[in-house]
Amino acid sequence: MKISYKWLKEIIEITESPEEIGVLLTGTGLEVEGIEEVESIRGGLKGVVIGEVLTCEKHPEADRLKITTVDVGLEQPLNIVCGAPNVAAGQKVIVATVGSTLYPTGSDEPLVLKKSKIRGAVSEGMICAEDELGLGESHDGILVLDTDLPNGTPASEYFGISSDFMIEIGLTPNRADAASHYGVARDLKAVLNREINLPSVDAFAVENHNLPITVIVENHEAAPRYAGVTISGIKVGDSPEWLKQRLATIGIRSINSIVDITNFICHDLGQPMHAFDANKITGNKIIVKTVAAGTPFITLDGQERKLSDQDLMICNETEPMCIAGVFGGLTSGVTAETTSIFLESAYFDPAWVRRTAQRFSLKTDSSFRFERGTDPNMPLYALKLAALLVKEIAGGTISSDITDIYPNPVEDFEVNVKYRHIDRLLGKPLDKSLIKTILTGLDIKIQNEDEIGFTAIVPPYRVDVQREADVIEEILRIYGFGQIELSAGLSSNFLSDFPVNDPEKLKMRLSELLAANGYNEIITNSLTKPEPQATLGESVFGNPVKILNYLSEDLSVMRQTLIFSGLEVVAYNANRRQKDLKIFEFGKTYHELNGKYSEKERLALFISGNFQEETWLEKSRDVTFHDLAASVNQVLSAMKVKNVEKEAADANIFQQGITLTLNKKPLVTFGLLKSSITKKGDIKAPVYYADFDWDYLLRQYNYAVQYKEVSRFPEVRRDLSLVVEKKITFEELRQIAYKTERQLLRSVNVFDVYEGANLEGKKSYSISFMLQDDQQTLTDKVIEKSMQRLISTYERELGAVIRK
């Protein structure tokens, strides 16, 4: 938000420099991001003076050039070579001296004047034309002045050049009350303890009733307050220089006197206004209502927009004229032919304005303020002040009574505040009289005061001050954060537990591990389109979390899975011929189930294309399931996860895949994504995907490290071939082995699987078992006993046939 220093000085007495004001505002929470000098003529014509041509002679080496001497108030006149056809002795002219900088009209590059030689003649400056000074377009000849000002007078004095300072404030969304010069002045009033001076509107008076406009508000929820007045006999033209300069300082282009006045009031008081051409109000009726969905409406920018039945419109008797609080219509605005107007000043519901502004992607000065919450008590004062400015600048007479429809006035906020809570949150006790002074300076009244506390009566324009903590924050920001001393011994009445596992450190550790194995990290948007997720069905992820004020249909729900945002990255790279991908992402997913919302942290891995590039030593090959499985096992090993169990992955997502569980709860699911899913992202190559429950995985990590001495006794391997039913998996065989031989069994591995015609409905597993005793060398008797126990268990539980 941009604030004019001079404009601010008209509202509150300021003796401080712009830089000092910037420090004060930043201290109150209105962070000043920059201060820039703004001049009515760029550069301010510094170094440019009034001069008098003493002599003018033809240049001996050039027919079109003349050599002049010019008195600019120095001891010696300047020698200047000039090419203007109208230069002559005795003229009063504008001279740019050596070292001055000009900003010519139509040029992006400044012109710095230097002493030079032109065709052998010394030139110590330049006699300027209108366009060379940036004053206009003319280059027919030099400017010849009719003035008695002495030679050497700065040109800025002759042209009445003014300068101002533009203060750029990074306005936070909660401080809608400060979205104007008046709002900023209110903070300075509290900090500096000075009064604010707003113009009087006592001169406002209804002069006739020749132009009555009937106002009907059908939707009081969307328009709690609507006021207006008519002015006839106006003459629309250019704004006076003071108004143009005020608007130009904050970056607003002058349009015409009436529109400029409404813009001035908006940025002066924070009250958006709109002016309608009264002759275009059919039936002399203003109707504030919604219209049928799909109704076409052409806005000021010439675009036709289809209205929703949730868009509040300002209509005449037959058609809409304006999107309330957002944007005006093309046909009802003020033009040079307008002779009478209806001035609107209203308080619109923030939620209604925001929804409409987001729906049409329209961001205007008006919607910016309305959707954050304006002052419901401001419309009448703003309306009267605007009407008086119209009379002053454009003439005319006030031709109707003010219409003010306000059936349910917005009440002040009442907040109970305790003094002990102020002292506790501020960290030091403040004098009660100082607290009262600060709050009174912020227009917050104090009632029901006693030794314990008081009731703060907060004006409705402070939409961000509705709790006790908010009132205390107001006291603190005006008192000053820098005035809260650090105590000799810091203390707290609450100490948060440090997390057992630091998630950020573990994320960094895993990121480094994955990066070392060729993965690249991605960060994708949590907002996504609903269609891809919906194809998987609600049974997979629950119901989507919908955004109430979404910017577009493509960003209307929160993601329920990292699959589709990751596939977008895969497709983006594949379309740019980067098809060999290994990527990972830490991200959140969002779910709604049975009316309850949940947020989960996930870790996702994606691999696609070739596992490695082709070299002279080894050919390239496509990635496989086992490549992804190796990465999954690396992550689990780094997180110290053991004893996981396996089950089939969700067939709605994976063409082939595995879910690893721990204590019956899914820890990670990985495998080959179904082609029906990858095709939605226009991806033809297979994509392997792993989805970790990061929250659950994080809880498994233990920083404690246990060391165990390497056994001095050797391992023994024994192999076993057994025939079992085809449906039996190796995982079942492995679990039975560990359950049967708990003491000596160290590992189980399958090294061959056979299926053939001679084993109809069955298959053969060749399995190796590693046995070891940490206390002694295993004997053949002990080994044979352990193997016999395994064989018996397989025969009994699975009906296995041992191949010998």
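1. Strand 4 and strand 5 (residues 78-82) run antiparallel and are joined by five bridges; strands count as paired when DSSP finds at least two bridges between them. Strands here are DSSP runs (E, at least two residues), and helices likewise (H or I, at least four), numbered from the N terminus. In this pairing, threonine 69 sits opposite asparagine 79 of strand 5.

2. A quick word on the source: this is a predicted model, with local features needing pLDDT of at least 70 and side-chain atom pairs counting only at pLDDT 80 or more, while totals for chains, interfaces and linings use all residues. Residues are numbered from 1 along each chain as its sequence is written, and side-chain values use heavy atoms, with hydrogens and water left out.

3. Lysine 58 has lysine 66 of strand 4 as its bridge partner.

4. Now for glutamate 568, which belongs to helix 16 (residues 563-574). Its relative accessible area is 49%, so glutamate 568 is partly exposed (buried is under 20%, exposed over 50%, partly exposed in between, with a 1.4 Å probe and protein chains only). From threonine 249, glutamate 568 is 319 residues away in sequence and 44 Å away in space, C-alpha to C-alpha.
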